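Let's take a walk through this structure together, starting inside one chain and ending where two chains meet.

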Number of protein chains: 2
Amino acid sequence: MTTEAQALDGVRERVLEAACELFANRGINSTGVDLVSEVAGVSKRSLYQRFPSKDHLIAAYLPRATDRFLDGLVPAEDSGLSAAGRILEVFAATQRKSHQPDFRGCPVLNATAEIPDVGHPMRGIAVSYKDRLQGYFRAQAEAAGAADPELLAEQLAMVFDGAMSYGSVRDQPLPDSVHATARTLLAAQGVELPQ
Amino acid sequence: MTTEAQALDGVRERVLEAACELFANRGINSTGVDLVSEVAGVSKRSLYQRFPSKDHLIAAYLPRATDRFLDGLVPAEDSGLSAAGRILEVFAATQRKSHQPDFRGCPVLNATAEIPDVGHPMRGIAVSYKDRLQGYFRAQAEAAGAADPELLAEQLAMVFDGAMSYGSVRDQPLPDSVHATARTLLAAQGVELPQ
């Protein structure tokens, strides 16, 4: 990589980091591009060279925010957990994460609530992230021998979203019932539960 | 009521109706007070006499939007349904409602996602509405003989929120699994289910 290309990436990086912080803490609609450029320490001209519009910036921000959000929620491949254990760990980790003071819920849900326009470029990204988590649940549900892995995955995805919304309305850490609900749904499908 | 008071109420009414329409379709943050006054056909001076700030308007809008949203979801007292049937009807009605073209999900979840500030005056209203639905679930769960009505109510409230969020990310009517999940959670607590 040439020095010029590195400098270009550095600007892009600073802009995206500033967007991650500002969009999460102030909301997407309440954050102007002016403020992003100011916090990033980047001229508006440089910013618009990388992100021709705020919509481009939102579409670039969302995968980064969501990757960070899912990081630590989905257990590592070598975690040694059973398939059922992996599913339950997602919910246990979500509960733990909700105790962090900077917890702001799911960036995908927050972005779609802020941007009702279903034609917005970030919509496809939002759906693909939700599908990714549901796909993970489905694969683990199959491996765990669930009676109807498709249904179970949909149920778990819904409880996950519900827990996020539940927590952000109340501005409280998630209750233990999140984990208990996942256990109940697994058990109802004949999945053997870890202790 | 004097004619003057009626006129005052008429203005308030038009402003709140315009806010209901605009906040739902465009989002709260993307809707300026100027546009609300324009659509309501009310001068900005008259608007600010009733709602000194946009935050006042949001706080007045939310109960109205939420009452409408819950209307038709919670079955009537004389519905003839059992307690378990009432709980299931909330989820069945939610699924039906999600097929309407103007369905925009839960106004409380949308408002809290748009306004991250936990000190905002609408926050208390948001929590009280969520508590009201959860309280309804708890009362019915008790009447239906659930093993742990408190837990069941929390689970149902979470599935309800999850269904709303699930549907609004995907911009699709809710899947049948919403109702199936409620049935599974009731059955797991020993509640006898209607056919």
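Contact here means heavy atoms within 4.5 Å. Keep in mind, too, that this is a predicted model.

Helix α4 of chain B covers residues 54-70, and helix α6 of chain B covers residues 107-114. Their axes lie 9 Å apart, and the two helices pack at an angle of about 145°. Which residues bring α4(B) and α6(B) into contact? From α4(B) come B:Tyr61, B:Leu62, B:Ala65, B:Thr66 and B:Phe69, and they meet B:Pro107, B:Val108 and B:Ala111 in α6(B). Sorted by class, this contact has 7 nonpolar residues and 1 polar residue, with no charged ones.

Now step back and look at both chains. Two copies of a chain are related by a rotation about an axis and a shift along it.

How do the chains meet? On chain B, 43 residues are in contact with 43 residues of chain A. The copies meet through the same surface, because 100% of the interface residues of chain B are also interface residues in chain A.

The size of an interface is often given as the accessible area lost when the parts come together. Between chain B and chain A, about 3300 Å² is buried, and carbon and sulfur atoms give 62% of that area. In chain B, the residues that lose the most area to chain A are B:Met158, B:Tyr166 and B:Val169, together 20% of what that side buries.

Polar and charged groups take part as well. There are 2 salt bridges between chain B and chain A. One pairing to look for is B:Arg170 with A:Asp131, a salt bridge whose closest N and O atoms are 3.5 Å apart. Across the interface, 13 residue pairs are in polar contact.

Finally, which elements give two or more residues to the side of chain B that touches chain A? They are α1 (3-26), α6, α7 (122-143), α8 (149-170) and α9 (177-188) of chain B. The largest share, 14 residues, comes from α8(B). By class, the residues on this side divide into 19 nonpolar, 14 polar and 10 charged.

How values were computed. Residues are numbered from 1 along each chain as its sequence is written. Chains are lettered from A and ligands numbered from 1 in the order in which they are written. This is a predicted model: local features need pLDDT of at least 70, side-chain atom pairs count only at pLDDT 80 or more; totals for chains, interfaces and linings use all residues. Side-chain values use heavy atoms; hydrogens and water are left out. Axes are lines fitted to C-alpha atoms, for helices over the stretch in contact, and angles run from 0 to 180 degrees between N-to-C directions. Helices (H or I, at least four residues) and strands (E, at least two) are DSSP runs, numbered from the N terminus. Ala, Val, Leu, Ile, Met, Phe, Trp, Tyr, Cys and Pro count as nonpolar, Asp, Glu, Lys and Arg as charged, and the others, Gly among them, as polar. Buried area is the accessible area (1.4 Å probe) that two parts lose on being put together, summed over both. A salt bridge is a side-chain nitrogen of Lys or Arg within 4 Å of a carboxyl oxygen of Asp or Glu. A polar contact is a pair of N or O atoms within 3.5 Å; within protein, one must be able to donate a hydrogen and the other to accept it, and residues adjacent in sequence count only if both atoms are side-chain atoms.
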